[in-house]
Amino acid sequence: MKIDINDYLLYNFVPNAKHNMGVIIAIWAPIVLIYFMDVQIWYAIFSTLLGGALGAFRHLGEIRTVGMLQSRFESMPSAFDRCFVPPSGPDAKAKNWRTSKEPKNMAKFSRMWNEFIRSMRMEDLISNRDRNLLLLPSFSTDESRVQWPLFLLASKIPAALNMAKEFKGKDDAELRKIIGRDKYTCAAIRDFYYTLKHIVCFLLEDEDDRKIVENVYGAVTESLEKKVFLKNFNVSGMPFLAVKLEKLLKILMAEQWDDKAFKNQITIALQDIMEIIVLDVNRLHLLLTVKESATDVPLNSEARRRITFFANSLFMNMRSAPKVSNMRSFSVLTPHYKEEVLYSIEELKKENEDGISILFYLKTIYPDEWTNFLERMNNKPQEDGLREWVSYRGQTLSRSVRGMMYYKKALELQCSMEFADSVSNEDHIREKVLPDLKFTYVVSCQIYGILKRLKDPRQKDILNLLLMYPSLRVAYIDEVEEPVMEKNEGKTKKVYYSVLLKGDTNTYQEREIYRIKLPGLPTKIGEGKPENQNHAIIFTRGEALQTIDMNQDNYFEEAFKMRNVLEEFPHSHGSQKPTILGLREHVFTGSVSSLAWFMSNQETSFVTIGQRFLASPLRVFHITRGGISKASKTINLSEDIFAGFNSTLRLGSVTHHDYMQVGKGRDVGMNQISLFEAKVANGNGEQTLSRDVHRLGCQFDFFRMLSFYCTTVGFYFNSMVVVLVVYVFLYGRLYMVMTGLERDILEDPQIKHNNALEAALLTQSFIQMGMLLVLPMLMEIGLEKGFRAALGDFIIMQLQLASMFFTFQLGTKAHYFGRTILHGGSKYRATGRGFVVQHAKFADNYRLYSRSHFVKALELGLLLLIYEVYGKSYRNSSLYLFITFSMWFLVVSWLFAPFIFNPSGFEWQKTVNDWTAWRRWMGVRGGVGIQPENSWESWWEEEQEHLRYTSIRGRVLEILLALRFFIYQFGIVYHLDIAHHRRSLLVYGLSWCAVLVILIVPKMVSIRRLQMFHMDLQLPLRMLKGLLFLIFLAIMTILFKFCGLTLSDLFASILAFMPTGWGFILVGQACRPCLHKLLWGPMKELARAYDFMMGLVLFTPIAFLSWLPAVSEFQTRILFNQAFSRGLHISMILAGKRDGGASPM
């Protein structure tokens, strides 16, 4: 298509050109870039559909509520028998547990189920009452009578009594039909009937009285058999009888008897019977009095999730468990550095600036668990109990150790069940030693020796863990000064050892088991975490190894499945046997805040459904084979994935299994999450530059290669392309609107619609707002919780500004991935795993996000403003809004998301304090030993660290990218009224004179002012300032009066010259080795001025919103809505107020 352009509004460097390639590039470059992202979109759709189908075929989410559990509970013992009870003989046939209604191995199932329930009680997820309702009764020798847990029989007896009372007929069959509609009502009646008989017969000492009771029960049984019960008995009096019986049971349950006097009245032989009777009385009382629905037990959401997932997993495709003696032995390895082991009492009670302690915060977030804890402690909690309760709700080593040691507890129960019928001493010995032979847990505490020398409290806490869990082992790197065995007498050298410890319960100290000499300090050669794992791997044993991070957890019911998981190794999945088994992760920090919930859902979309898709049809990769981690500095920052690359390159096979899960903690605060995303993006940039990715790409077939690309390198590359599309589009539009070409194109009658551009921008908006993560998230939540719940979660996430959060994190990924590609030099960023309820200061947010988000957002905002101002006369507003809406949303998200998701971000007093702290931070001079968080200068130097070690190529690219800031001035000056529509280069040259005057004169005045100040010439200094001000007024008057300068020209000049100054700064930073010290000082002051102005632009709307009283409360609801649903009043907490009924502890 040919369009004639008559009026070119800028200086035309090629006046005789027949074609304008700039227009073609400006229009089509964004569309071409979008094509790079189309593959990512199709992958997200395909992986969502196929991953969801795989999950459905694996029976995921078939039991997702307590109501569903109630309907399937009858089949659970048979499913348990199929999964966990090894066949008794070689001819044993597989059981059809899906259709079997007859409970199998009820005794073993009840033992495991009750241990599961008790473990949740010890974790304070359920109360004593919930525990009693969930426990299965002791297995009865009467096979014809199966007793179900009370939560299934809840409210059944009161309902049956009402039915009997209101029934007016005389036909037993009709009443039995009404009651028999609910199978658990019949079970509750039978349970109540026989339990009452058992209690009454025990309480009656006279044999004649017992015979009377037997006769009554016989008459009832005979009437039921002959179907004349309604004729022989008056059922309308049953509710009155129930009231009398309830009073009797309360008397029996009351602790009014003296325990010693009561026990002296009975013989020693009846003591065990008495304990059973007490349990029966309690059960009978609950059967009679509990009136709430079974779906309300337990009340704790985490307990409900664990119970339903375990029940669901019994009906999933799980390998049958072998005998403990035949199972594969395995080890668990956890690296630990400086993370918290167990919170001290001082840390629990230490208040932050809002007056909130960790203990008070957790009591408010988990009120039901705190109540359960007090009940378990008889309302007298000890210090050790408090420390454990808080630590088990954080991301601490003690939580990880407790979770992993469930493996031994599960193995002990399995051995007990396996040797239950054995009478030989040899089998009893095997029962005791098998758990230790099959399971080993090693925690690699890298600096344990240093902690011991410094008498750090964490060393004492680790020692207590060793004493608490005798099977636990601790490995660490020991540094020893040894004499040099040569002529150099008296000299020593440092020698390093890998040391393995265990706890000695006799001396209450650690005891050394092994000591292995190392050639040097491994953590200086490679990255810290992988080297910490690698030096300790020699102490692990067994046929399998599970690598667990320090922020992970485990559960008793999941540990019970380890035998089944290990049985996956000898079975082929496709062409070969697996070398790596992948398991699900449940993010247990998701309920702390909205941000933690967003990260939990992101984990669901990217990890669970993504790994299921990659492992099953594609068999791409997981973590490791042969070794634990690759550990080279910088390049192997993301050590686990490089070990996965190595596994796949060695033709390793991987599987993913949904029937078992472990707990996982994630970052819960905005700054923590951003640091984590920056670390991962840096690591992915290093992967892009590595040989491993190239080799994998060469070995994969087409489909595996694309899937590998879309889940690793491509995911971050496309995140960068999303941002790059916005830049290319806006700079293209800047060129077109400044030259006047866009006006000619839009007004041309041949142009009706630009469908390709509209489609491209729609795709960009789709990805920018995190929609690629929404599709798999909706599918996975829909599978596990139901699609109505998934849709509800999606709506709530949007109300909590999830799109703003994901848009902000998109900028984090793009910035750090792009910087690593350009300059390399990624580094580990410690995120911290604490509880985030503390307000982050404005200076901290500015320091973290200035270059990655704020500068880029202001640049894009400036482009959008120019595009609107200079194209408004010929373009309708609806077209502008349609094209630029997502871009304005990106600008607002990048500028204000850190403050919206910052606790107390809009509280007036904190805003005032933040302003004071930020001004102080801006003014403090840098130097040796001054940390970046204390000084703007130190931070500015640190921000340029990547340029110190970059190559010439990196510096040249940095300069070329900085040249874009000089385009604004060239485009705008020709549109000034003072230019009078002239298109010569003289206009552009005069604009540079103005720039030089603006930059040089203030610096000259500053230097002269400093000299005159030291010479004590205050009066001449003031006169000089006054003279310069008068000269400025005279020049401005002349320009307004005689040269045609207008007020709009002043605002346009700001838009033109501000980017030019920033361009000078960026070029100066890239050319720092070539700059003289005299030029570097002014460059630094110019950068300080720009940062101050950017801070002022950011702070103004924050201060205004802080002045409005309702904004702070609205922000609190956005941040902590999930906690509100569990009874958390964050608005009171962040204000430092405490509820009157709260414990002062």
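Author: Lysine 494 and glutamate 479 form a salt bridge in which the closest N and O atoms are 3.5 Å apart, a salt bridge being a side-chain nitrogen of Lys or Arg within 4 Å of a carboxyl oxygen of Asp or Glu. The pair links distant parts of the chain, with lysine 494 in strand E4 (residues 492-504) and glutamate 479 in strand E3 (residues 472-483), 15 residues apart. Helices (H or I, at least four residues) and strands (E, at least two) are DSSP runs numbered from the N terminus. Lysine 494 is partly exposed, since its relative accessible area is 48%, and glutamate 479 is also partly exposed, at 33%; here buried means under 20% relative accessible area, exposed over 50%, and partly exposed in between, with a 1.4 Å probe and protein chains only.

This is a predicted model, in which local features need pLDDT of at least 70 and side-chain atom pairs count only at pLDDT 80 or more, while totals for chains, interfaces and linings use all residues. Residues are numbered from 1 along each chain as its sequence is written, and side-chain values use heavy atoms, with hydrogens and water left out.

Side chains of opposite charge can pair when their charged atoms come close. The structure holds 44 salt bridges, and another of them brings together the side chains of arginine 376 and aspartate 124 at 2.8 Å, N to O. That pair links parts of the chain 252 residues apart, with arginine 376 in helix H18 (residues 367-376) and aspartate 124 in the loop between helix H4 (106-122) and helix H5 (128-134). Arginine 376 is partly exposed at 26% relative accessibility, whereas aspartate 124, at 1%, counts as buried.

A further salt bridge joins glutamate 941 to arginine 1072, with the closest N and O atoms 2.8 Å apart. Glutamate 941 lies in helix H43 (residues 936-943) and arginine 1072 in the loop between helix H49 (1047-1070) and helix H50 (1077-1107), so the pair ties together parts 131 residues apart in sequence. Glutamate 941 is buried, with a relative accessible area of 17%, while arginine 1072 is partly exposed at 30%. Elsewhere, salt bridges that share partners join Arg58, Arg584, Asp658, Glu780 and Glu784 into one network.

Glutamine 969, placed in helix H46 (residues 967-972), is buried with a relative accessible area of 0%. Its side chain makes a polar contact of 2.9 Å with the side chain of threonine 1060; a polar contact is a pair of N or O atoms within 3.5 Å, where within protein one must be able to donate a hydrogen and the other to accept it, and residues adjacent in sequence count only if both atoms are side-chain atoms. Leaving aside neighbours within four places in sequence, glutamine 969 is in contact (heavy atoms within 4.5 Å) with residues including Tyr988, Trp992 and Phe1057.

As for the whole protein, there are 53 helices and nine strands, and buried residues make up 52% of its 1145 residues. Of the contacts with a separation of 6 or more, 79% are between residues 24 or more positions apart.
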